[in-house]
Number of protein chains: 2
Amino acid sequence: MIEAVAWKRRRMVLLVVPPVEELDLVAPVEVFGTANRLIHPGKPVYSVEVVSSAANGEIAGECGLRLLADMHYSRVEPDFDSVLVICGTGARLTRDRQLWNWLRTAASHARRIGSVCVGAFLLAEAGLLDGKNATVHWKYARELAISYPRICVDPNPIWVQDGSLYTSAGISAGIDLALA
Amino acid sequence: MIEAVAWKRRRMVLLVVPPVEELDLVAPVEVFGTANRLIHPGKPVYSVEVVSSAANGEIAGECGLRLLADMHYSRVEPDFDSVLVICGTGARLTRDRQLWNWLRTAASHARRIGSVCVGAFLLAEAGLLDGKNATVHWKYARELAISYPRICVDPNPIWVQDGSLYTSAGISAGIDLALA
């Protein structure tokens, strides 16, 4: 398996919509970073690109940390492997048609697209979860199910795969999803 | 206890020396942020100031994340409550006399000073752990003990308090220390 992933570096695009729950973002970053250190030290098997909807590239954290995106999402190069959508509870009600268009296009090209915690609301608003099985942090499961009745929401699993779509439960579930 | 901490906001200074292990920093940030949300919503009991030795304020993460400091450590206002020293394995051998001077002065004024994981090497190099009981991630305990023979290093506890000095074991132990 190590050899199987070694010959092609996988581009993981982390799409961050602020204000972000810091741990939702850092958890997958740590998983991919640790995998890089363990599998082939000095020869990363994952490249991680943090892209954001923030106009100036500065990502506000819900606990007050300030982070920097590598670029605006509209500038990301195509041919990425996976997209992971990450936000925070305050950003779950974002309305951004340009972003939804980008997400739908990205979903049609990427091998996988997923969300950490309430990032599922953004996939849902983009229409990507219609008719799909999905999960989210249990505290937001009812709100997701009521707001988007076409989604089959199950608050119990740590993460759910439905085809190329992945959703995960609260915060640390992002670690489990990144490991999946 | 809630009333006891409510009447004075505690200034927590997180001193970050890059490259930082992202989770070493985010773990205490999440603990203080969550405490703020739970104890008095809308009326934070902790203020968190991320200060750094990075000249331009940009903090590189060991897993590739980029973060922003609120200011250079030399500009932090006095009268803070606690200082927590955070770095990464690559920054544990930092040599910076100005920083050690600042740390010694800070330690003489702050109610508490502590480190997450290999941040103990920075406290040690500043001379603050001489004659003290301390801990660090088990993988670095021998190196710390050999490099600084005046420190009584115990790799077993999650965190150690010796007077106003606190040290903690690897990464997630920063959560336990912040809760202490």
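1. Start with the nonpolar core, meaning buried Ala, Val, Leu, Ile, Met, Phe, Trp, Tyr and Cys residues joined through side-chain atoms within 4.5 Å, where buried is under 20% relative accessible area with a 1.4 Å probe, protein chains only. In this predicted model, the largest such core has 125 residues, and those with the most contacts inside it are A:Val83, A:Trp102, A:Leu103, B:Val83, B:Trp102 and B:Leu103.

2. Apart from neighbours within four places in sequence, A:Leu103 is in contact with several residues, among them A:Leu15, A:Val85 and A:Ile113; contact means heavy atoms within 4.5 Å.

3. Now to the interface. Chain A and chain B each bring 19 residues to the contact. About 1,800 Å² is buried between chain A and chain B, with 63% from carbon and sulfur atoms; this is the accessible area (1.4 Å probe) that two parts lose on being put together, summed over both. A:Leu65, A:Arg66 and A:Leu68 supply 34% of the area that chain A buries against chain B, more than any other three residues.

4. Four salt bridges are found across the interface of chain A and chain B, each a side-chain nitrogen of Lys or Arg within 4 Å of a carboxyl oxygen of Asp or Glu. The side chains of A:Glu21 and B:Arg37 also meet in a salt bridge, at 3.5 Å from N to O.

5. A few reading notes. Residues are numbered from 1 along each chain as its sequence is written, and chains are lettered from A in the order in which they are written. Local features need pLDDT of at least 70, side-chain atom pairs count only at pLDDT 80 or more, totals for chains, interfaces and linings use all residues, and side-chain values use heavy atoms, leaving out hydrogens and water.

Methods:
Buried < 20%, exposed > 50% of the residue type's maximum accessible area, 1.4 Å probe, protein only.
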